[in-house]
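Hi there,

Here is the structure I promised to pass on to you. Have a look at it first, and then read on for what turned up.

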Amino acid sequence: MKDKKLNLTDEINHFESENAHILIVFNQVDHYVHMAADYLSEELNKGTQVLLVENDRIYPKILKKLKKSVSDQKLLNLKRENTFDFYYEQESFNPDSIYNHFQDKVRPHVEKGERIVTWGHVEWGKDLSNKDLITYERRIDQLLKTMSVISICAYDEDRLSHKTLESLASIHDIYIRENKIVKP
């Protein structure tokens, strides 16, 4: 499969859908921060509601970049949740609990007719089974088909087995790896 150069906004627009489930796999944090900040600043400047699920180490880096290109007023549309609080609300990676939490965060915006983008850096401890992760991603994919939501799931490549990566790529509409579109 031949990689293409990345323009995340253009790729989503070409997808010609009000919803999209996007997989981003990265191994360089600086590139990841740059991509997240670029895309989210475009969305925030359009007035989009943004739910950013990110860890305490990376979030300040993204926020610093956002503050350079997004007004304080528009930054009010950014809602952040800590990665581990979001995915481990029940003290384990519970697909049902995370699904319900995601739905609770997104549905009010959808019902008001607001555009919403979610960006979730999915991280876990050693207790996560591939089955639970894939179950969660499949449920979210089905939910997204019923809503006008762009949802980006970001994974650190070093934490994924080849089999898990293949499964994730098959569930998502768009697959991006190290700033290149692998699956349009």
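**Around Asn 45**

Asn 45 touches Ser 69, Val 70, Ser 71 and Lys 74, leaving out residues up to four places away in sequence. Please keep in mind that this is a predicted model. Asn 45 is found in helix α2, and its relative accessibility of 33% makes Asn 45 partly exposed.

**The whole protein**

Now a step back to the overall picture. The secondary structure comes to eight helices and eight strands. Along the principal axes, the C-alpha atoms fill a box of roughly 40 × 40 × 35 Å.

How many of the residues count as buried? Of the 184 residues, 52% do. The accessible surface comes to about 9,300 Å², and carbon and sulfur atoms account for 46% of that surface. If you take the contacts between residues at least 6 apart in sequence, 82% of them join residues at least 24 apart. As for charges, there are 27 positive and 31 negative ones, and their mean positions are 3 Å apart.

**Aromatic rings**

A pair of aromatic rings is described by the distance of the centres and the angle of the planes. The count here comes to five aromatic pairs. In one of them, Tyr 32 and Trp 119, the ring centres are 6.1 Å apart and the planes are at 50°, so this pair is tilted. Tyr 32 belongs to helix α2 (residues 29-45) and Trp 119 to strand β5 (residues 116-121), so the pair ties together parts that are 87 residues apart in sequence. Tyr 32 and Trp 119 are both buried.

Tyr 87 and Tyr 136 form another pair: their ring centres are 6.2 Å apart and their planes are at 85°, so this pair is edge-to-face. Here too, distant parts of the chain are linked, with Tyr 87 in helix α5 (residues 83-87) and Tyr 136 in helix α7 (residues 130-144), 49 residues apart. Both Tyr 87 and Tyr 136 are buried.

Which residues do ring pairs link into a cluster? They are Phe 26, Tyr 32, Tyr 39 and Trp 119.

**Two more residues to look up**

Leu 66 sits in helix α3 (residues 59-69). Is Leu 66 buried or exposed? Its relative accessibility is 0%, so Leu 66 counts as buried. Setting aside neighbours within four places in sequence, Leu 66 is in contact with Ala 37, Leu 40, Ser 41, Leu 44, Leu 75 and Leu 78. Between the C-alpha atoms of Leu 66 and Glu 42, which are 24 residues apart along the chain, the separation is 9.6 Å.

His 109 lies in helix α6 (residues 95-111). With a relative accessible area of 15%, His 109 is buried. Beyond its neighbours within four places in sequence, His 109 is in contact with Gln 49, Glu 114 and Ile 116. His 109 and Val 33 are 76 residues apart in sequence, and their C-alpha atoms are 25 Å apart in space.

Methods: Residues numbered from 1 in each chain as written. Predicted model: local features only at pLDDT ≥ 70, side-chain atom pairs only at ≥ 80, totals over all residues. Heavy atoms only, no water. Helix = DSSP H or I, 4+ residues; strand = E, 2+ residues; numbered from the N terminus. Buried < 20%, exposed > 50% of the residue type's maximum accessible area, 1.4 Å probe, protein only. Contact = heavy atoms within 4.5 Å. Areas by Shrake-Rupley, 256 points an atom, 1.4 Å probe, with all protein chains shown as cover. Lys, Arg positive; Asp, Glu negative; His and termini not counted. Charge placed at Lys NZ, Arg CZ, Asp CG, Glu CD. Phe/Tyr/Trp six-rings, centres within 6.5 Å; stacked < 30°, edge-to-face > 60°.
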